[in-house]
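Me: I've got a structure I'd like to talk through with you. Can we go over it piece by piece?

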Amino acid sequence: MKPGTDAVLILNVLHVIFHEELWDKFFVNQWVQDFRHLFEAVRDQAFSPERGQRMTGIMPETVRSLARTYASTKPASLFTGNGLEHHGRGVNTIRLLALLKAVTGNLDVPGGDLFTPRPKLKDITTPLPEPSVPPVGSERFPVFCRTRKEAPPSVFRMPSWKESLIRSRAW
């Protein structure tokens with residue numbers, strides 16, 4: 001998949017779910033407002049997996065298989081880590097992902113993606129305990145490590161693109 005095209009993939013998956021009528025009608029009727037607007041917009045051929053392939057690089061049949069599997073698996077959960085919000089259109093991508101979860105009925109159900117209460121914070125002025133082992137790089141960056149209680153990102157050397165290609169033998 002090409003970086004930054006998550007939203008296109010989600011729209012392609014929604015397109016398949018709508019065309020094949022795979023959405024959770026009970027959940028949608030009960031909880032999704034203005035579904036008809038989303039339904040009509042995403043059913044447009046502009047969001048088909050064939051059109052999306054040009055942007056994402058993902059084969060249309062793979063998108064269809066993903067859509068069918070996710071929509072028919074009950075309950076299902078999507079774990080995204082924290083990568084989506086690091087793109088220019090991250091907020092809208094996360095909104096589309098929430099819509100995908102909702103129209104398939106996998107939102108706020110046991111085994112699906114749950115809304116959980118935030119843990120109560122204790123006194124946030126209490127300092128963090130000292131780590132039992134000093135973080136990597138603490139000799140080189142003592143102030144950073146003492147303050148943050150973690151290794152600074154600059155400690156880890158990222159290989160150049162050329163080194164990565166040589167290691168993966170992709171070229």
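Me: Which helices each supply at least two residues of the lining of the largest pocket?

Reply: Quick caveat: this is a predicted model, so local features need pLDDT of at least 70 and side-chain atom pairs count only at pLDDT 80 or more, while totals for chains, interfaces and linings use all residues. Residues are numbered from 1 along each chain as its sequence is written, and side-chain values use heavy atoms, leaving out hydrogens and water. A pocket here is an open set of points on a 1 Å grid over the protein atoms alone, where a 1.4 Å probe fits, with protein on both sides within 12 Å along at least five of seven lines, and lining residues have an atom within 4 Å of a point. With helices taken as DSSP runs (H or I, at least four residues) numbered from the N terminus, the ones you want are helix 1, helix 5 and helix 6.

Me: And which helix gives the largest share of that lining?

Reply: The pocket holds about 230 Å³ of space, and the closest residues to its centre include Leu9, Ile10 and Leu97. The largest share, 4 residues, comes from helix 1.

Me: Is threonine 93 buried or exposed?

Reply: Threonine 93 sits in helix 6. Beyond its neighbours within four places in sequence, it is in contact (heavy atoms within 4.5 Å) with Asp6, Ala7, Ile10 and Leu84. Buried means under 20% relative accessible area, exposed over 50%, partly exposed in between (1.4 Å probe, protein chains only). At 6%, threonine 93 is buried.

Me: What about glycine 88, buried or exposed?

Reply: Glycine 88 is in the loop between helix 5 and helix 6. Its relative accessibility is 85%, so glycine 88 counts as exposed.

Me: Which residue meets arginine 64 in a salt bridge?

Reply: A salt bridge is a side-chain nitrogen of Lys or Arg within 4 Å of a carboxyl oxygen of Asp or Glu, and the structure holds 5. Arginine 64 lies in helix 5 and its partner in helix 4 (residues 49-56), so the pair ties together parts 14 residues apart in sequence. At 3.0 Å, N to O, the partner is glutamate 50.

Notes: Grid points are joined across faces, edges and corners, and a volume is the space filled by probe spheres set on the points.
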